[in-house]
Amino acid sequence: MKISVGFSRPRKFAIISKLIRLYQGGTEFSHAFLSIPSEGLERTLVYEASHFFVHFIGRDNFEKKNVITDEFQIEVTPEEKKELLQFCIDNCQKPYGIMELFGILFKDDKWKDGDKRFICSELVARAMKISNDDYITPKDLYEIIKKQHG
């Protein structure tokens, strides 16, 4: 079975998205997310940190508001998918790590907080067991995923 790691930006202008893309050197994306198919629900779930908290949203609703710029399919075993979903459920509704964005910008570790709050790329990196770095940017994550699965 496959899940995917995706990268996106809002369809409508959003200043935070624009600033993140500029900070990353002009990337097309400002956001990272997981896309997880649910055979039992006959839906695809998007798991993300945005709009002030960690949450799930239906893929169709996600695509109405976002442009997906890149997506990488990753083969997972049933056990890996179970562990991934357990992580997702255990961390759902945690706050967005807005102060971590300042930590990245100012290269200051004082806003690192482990798994108390998440930015989008940190959430995906931890869920996929890629990195435990609070300050991993969407571009950093993209480069790792592309190298491993591109």
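Visitor: What do the numbers rest on?
Guide: This is a predicted model, in which local features need pLDDT of at least 70 and side-chain atom pairs count only at pLDDT 80 or more, while totals for chains, interfaces and linings use all residues. Residues are numbered from 1 along each chain as its sequence is written, and side-chain values use heavy atoms, with hydrogens and water left out.

Visitor: Why is I36 called buried?
Guide: Buried means under 20% relative accessible area, exposed over 50%, and partly exposed in between, with a 1.4 Å probe and protein chains only. I36 has 1% relative accessibility, so I36 counts as buried. I36 lies in strand β2 (residues 31-38); strands are DSSP runs of E with at least two residues, helices are runs of H or I with at least four, and both are numbered from the N terminus.

Visitor: What is I36 in contact with?
Guide: Contact means heavy atoms within 4.5 Å. Leaving aside neighbours within four places in sequence, the contacts of I36 include I3, L45, Y47, K81 and L84.

Visitor: Why does S8 count as buried?
Guide: S8, in strand β1, has 0% relative accessibility and therefore counts as buried. Beyond four places in sequence, its contacts include F29, F33, F62 and V67.

Visitor: What makes the pair K81 and E39 a salt bridge?
Guide: A salt bridge is a side-chain nitrogen of Lys or Arg within 4 Å of a carboxyl oxygen of Asp or Glu. The closest N and O atoms of K81 and E39 are 3.2 Å apart. K81 lies in helix α3 (residues 78-91) and E39 in the loop between β2 and β3, so the pair ties together parts that are 42 residues apart in sequence. K81 is buried at 8% relative accessibility, whereas E39 is exposed at 53%.

Visitor: How many salt bridges does the structure hold?
Guide: The structure holds 10 salt bridges. Among them is the pair E71 and R59, at 2.6 Å from N to O. E71 lies in strand β5 (residues 66-75) and R59 in helix α2, so this pair ties together parts 12 residues apart in sequence. E83 and K129 also meet in a salt bridge, at 2.9 Å. That pair links E83 in helix α3 to K129 in the loop between α5 (120-127) and α6 (138-149), 46 residues apart. Salt bridges that share partners join R59, E63 and E71 into one network.

Visitor: What makes Y23 part of a nonpolar patch?
Guide: Patches are made of residues with over 30% relative accessible area and no salt bridge; like charges are joined within 9 Å, and nonpolar side chains (Val, Leu, Ile, Met, Phe, Trp, Tyr) within 5 Å. Y23 has 39% relative accessibility, so Y23 counts as partly exposed. Y23, I98, M99, F102, L105 and F106 form the patch, with about 570 Å² of accessible area together, by the Shrake-Rupley method with a 1.4 Å probe, only the protein chains shown counting as cover for residues. Helix α4 (residues 98-106) gives the most, with five residues.

Visitor: Which residues lie nearest the centre of the largest pocket?
Guide: P10, A14, S50, H51 and N66 lie nearest its centre, among 27 lining residues. On a 1 Å grid over the protein atoms alone, a pocket is an open set of points where a 1.4 Å probe fits, with protein on both sides within 12 Å along at least five of seven lines; lining residues have an atom within 4 Å of a point. α2 gives the most to this lining, with four residues.
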